[in-house]
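Work through the exercises below with the sequence and the coordinates at hand. Each task is followed by a solution in steps.

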Amino acid sequence: MSEDFIVSLLAAAITMGTPLLYAALGEVICERSGIINLGVEGMMLIGACVGFIAGNSFGSPWAGVAAAIAAGALLALIHAFLTVTLRANQVVSGLAVTLFGTGLSGYLGQDYVGQPAGAVFGKIALPVLSDIPVIGSILFKQDALVYISYFLVPLAAWYFYKTRSGLFLRAMGENPAAVDAAGINVFRLRYLYIIVGGALAGVAGAYLSLAYAPSWLENMTAGRGWIAVALVIFALWDPWRAMAGSYLFGGIDALGFNLQVLGLPVSGFILNMLPYIFTVLVLVLVLKRRGGRSAAPQALGLPYDREER
Amino acid sequence: MVTPLISMLGITKRFPGVIANNKINLELYPGEIHALLGENGSGKSTLMSILTGLYQPTEGKILVEGKETQFSSPADAIKNGIGMVHQHFKLIESFTVAENIALSDTHGSFKLDTAQIEADIAELSSYYGLKIDPHAHVWQLGVSEKQRVEILRMLYHKSKVLILDEPTAVLTPQETRELFINLRKMADNGCAVVFISHKLNEVEELADRITVLRSGVVSGHMTKEEINRASLIKMMVGRELNTNYDRKESHTGDVVLKLEKISALGDMHTLALDNVSFKIRAGEIYGIAGVSGNGQRELAEVIAGMRLAMGGKMYFGGDDFTNKTPREKIEAGISYVPEDRLGTGLAPNLSSVDNIILKEYNGRFAEGWRIKWQAAVSAAKHTVEEFDIKQGSIYQPVKMMSGGNIQKLLLGREIAAKPKLMVVLYPVRGLDIGAIEAVHKLLLKLKEQNTAILLVSEELEEIAALADRVGVMFAGKLMGEFAVQDMDIEKIGALMAGVTEDGGEGK
Ligand SMILES: Nc1ncnc2c1ncn2[C@@H]1O[C@H](COP(=O)(O)OP(=O)(O)O)[C@@H](O)[C@H]1O
Ligand SMILES: [Mg+2]
């Protein structure tokens with residue numbers, strides 16, 4: 001294999017990992033507050049669909065991203081209302097949101113299936129940086145959303161570990177009663193972080209329909225939302241590890257794609273299955289290494305009611 | 001007369017099916033230690049949770065320095081200078097001490113200044129002599145240290161009203177004394193201190209003013225000058241109480257359980273049991289005294305087969321039973337009554353009948369793969385009658401019963417299996433006095449039937465009233481062993497704190 005092949009594979013890993021990264025980062029934030037969001041897949045689909053439509057209508061990919069953020073956040077608001085206010089089962093609510101998002105995106109996008117994109121995020125080679133040998137071609141000949149994600153990850157890590165609000169966020173997932181007793185509004189903050197998570201899932205969707213494969217197809221996320229949910233476990237709820245994990249999965253995706261192009265005598269279906277098989281393997285390995293215990297926030301998935309014992 | 005710092009007027013709080021507080025009035029003055037005395041379930045924690053904004057009162061109002069104030073969330077209470085150390089600590093185990101204290105400082109800078117917080121903590125802790133390492137993670141701390149973190153947190157926020165809910169339950173007598181000195185210091189600095197307890201002697205020792213609660217109503221007041229034990233008991237219980245059981249001469253038989261240098265790891269993979277050895281004979285009650293969390297639960301779990309011993313041997317009736325399965329141990333006649341009755345003990349949503357079958361699904365209630373319902377139902381009826389268990393019906397989920405009846409059902413089920421050895425943890429925790437008497441009598445009756453009993457308790461009076469011999473545990477070690485006649489509270493208290501005869505700390 002030539003150096004060029006490897007460089008292009010790694011660059012593709014980043015491109016393909018970026019939607020996973022946005023979604024996983026959103027899920028890390030949401031789960032750190034103690035709420036599981038299984039609606040990611042639905043939120044990504046809505047983001048992809050609405051993002052594509054808005055991008056086409058306004059002729060700007062940024063309009064698409066803004067619309068995707070709003071759409072993802074709106075679905076997340078439903079999840080927040082169900083799980084925080086009504087204290088519904090988070091798994092059930094998340095599944096419902098995914099079903100709803102899938103159906104709604106299929107309906108809204110009917111007329112746009114197969115249409116050419118009116119607005120696309122193109123690759124931008126950053127001056128100077130892109131001239132660095134090897135690394136430049138991998139990291140700095142990407143599109144704007146990739147560059148933004150480079151900032152988002154350290155920002156999230158800094159917020160988590162170095163700020164007071166980040167402390168509250170992490171604490172909420174561990175023991176909401178303690179945070180509540182400390183005079184912090186658990187309900188309001190959980191709404192906030194669920195919505196932030198949904199907005200990021202929306203961006204992840206828009207990345208697919210505006211940058212990765214500029215078009216709209218029903219179910220175009222193809223399970224990436226679920227991979228993002230699994231990635232969070234692999235990432236042990238940490239932004240940096242979520243980034244590493246996303247690129248790793250992106251790489252496997254890219255590898256499967258490239259092998260197919262090279263015409264390997266393996267069925268394309270098997271190659272397409274690679275990321276999903278890998279997800280299962282990784283989950284088993286992570287849990288096994290940690291003696292069956294994950295580093296999940298202690299209160300993850302449990303509804304919080306102040307007067308309940 | 002000074003205006004009270006806090007007045008609670010006509011506070012009523014209803015939970016589904018219970019009135020936890022009924023038209024309660026309470027006034028707190030600066031510089032005073034106010035004791036809230038009452039049995040378990042009398043409504044003490046509920047009343048203080050209302051003052052801290054955690055619960056909303058159904059009726060009534062709260063005045064702060066004479067002005068009516070809304071407490072719609074804990075944030076409001078904190079703003080008004082009210083701090084509370086809850087009975088179940090509100091700490092985040094995976095965080096450090098400093099992070100936990102920073103947590104309730106909602107007005108600090110956006111960026112965390114851990115160094116500053118640590119310096120502040122160090123200063124406070126040296127002023128009050130509350131030793132703590134701000135870098136330590138909370139899960140690494142013992143219970144008394146966790147309490148120190150909670151107290152420091154209140155002080156850190158300059159709370160004017162300091163509420164401590166049953167703080168002594170997790171302390172040794174010596175640690176209790178230190179706590180009392182500190183509480184007095186805080187009151188002298190102008191704070192209003194609320195001390196919640198169900199222990200008379202502590203309240204008598206510490207309080208300037210006492211409010212007694214019984215079943216959600218104030219049953220009396222008393223000031224320091226008027227203290228009178230007999231009338232306090234009457235206010236608390238509504239009747240005189242009897243703790244002198246008539247105990248038959250004990251005729252102890254053969255050794256039933258023998259532990260030889262048993263060691264085991266705790267949940268956090270640290271050493272929880274360290275070379276523990278003792279014997280129990282048939283018809284003997286062996287009491288384990290100690291502050292809870294010093295290896296008692298792990299000891300019971302090793303004996304019951306729910307935790308592996310890393311080292312040492314366990315003999316039961318002369319045979320090696322080290323690390324046999326729970327099933328083998330149950331079949332051999334070892335019975336285990338855990339501390340959380342509705343967690344490990346019984347299945348809360350199942351009925352009495354189901355719960356009685358649960359442990360003998362292989363035994364007398366089984367016929368091949370079929371359950372013999374008739375036998376189970378009549379056994380349940382029999383247990384309910386024999387142990388005087390009050391409940392709606394034997395088909396009702398057991399979680400609907402009161403604590404005392406739940407404990408009687410659990411003990412009844414175990415006793416019916418005629419065990420040779422029974423391991424009981426904190427059997428009367430959370431029960432009212434009537435139920436305590438009933439449970440104690442059940443244990444004494446079991447002893448008369450020649451069962452060997454291991455009784456783990458944090459109440460020295462309970463051990464004195466029931467046990468024949470006492471072992472004291474600290475940090476996973478058995479610090480000493482006494483015949484109950486030779487029990488000396490001072491000495492046992494010292495051992496509970498890890499101080500050995502030669503004056504050193506046994507760590
Ligand atoms: N959150 C709650 N939900 C339902 N019932 C409760 C709750 N908290 C307390 N109770 C009930 O209120 C009564 C008083 O309880 P509590 O205030 O904890 O008593 P104490 O602190 O004096 O032991 C008890 O009957 C208890 O079962
Ligand atoms: Mg209480």
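The exercises go from conventions to whole chains and then to single residues.

**Conventions**

This is a predicted model, in which local features need pLDDT of at least 70, side-chain atom pairs count only at pLDDT 80 or more, and totals for chains, interfaces and linings use all residues. Residues are numbered from 1 along each chain as its sequence is written, chains are lettered from A and ligands numbered from 1 in the order in which they are written, and side-chain values use heavy atoms, with hydrogens and water left out.

**Exercise 1.** State how many helices and strands chain A and chain B have.

Solution. 
- Helices (H or I, at least four residues) and strands (E, at least two) are DSSP runs, numbered from the N terminus.
- For chain A this gives 12 helices and 2 strands, in the order α-α-α-α-β-α-β-α-α-α-α-α-α-α from the N terminus.

**Exercise 2.** Compare the radius of gyration of chain A with the globule rule.

Solution. 
- The radius is taken over C-alpha atoms, and the rule is 2.2 Å times the number of residues to the power 0.38.
- For the 309 residues of chain A, a compact globule would have a value near 19 Å; the chain has 19 Å, which agrees.
- The C-alpha trace of chain A spans about 60 × 45 × 40 Å along its principal axes.

**Exercise 3.** Which residues other than glycine have a positive phi, among them one in chain A and one in chain B?

Solution. 
- Most residues other than glycine have a negative phi.
- A:Leu236 has a positive phi of about 50°. This residue lies in the loop between helix H10 (224-234) and helix H11 (239-262) of chain A.
- For B:Lys158, phi is near 55°. Its place is the loop between helix H5 (143-156) and strand E7 (161-165) of chain B.
- A:Leu236 counts as buried because its relative accessible area is 17%, whereas B:Lys158, at 68%, counts as exposed.

**Exercise 4.** Is B:Glu298 buried or exposed, and what is it in contact with?

Solution. 
- B:Glu298 sits in helix H9 (residues 296-304) of chain B.
- The relative accessibility of B:Glu298 is 11%, so the residue counts as buried.
- Leaving aside neighbours within four places in sequence, B:Glu298 is in contact with B:Gly266, B:Ala272, B:Leu273 and B:Arg307.

Definitions and conventions: Buried < 20%, exposed > 50% of the residue type's maximum accessible area, 1.4 Å probe, protein only. Contact = heavy atoms within 4.5 Å.
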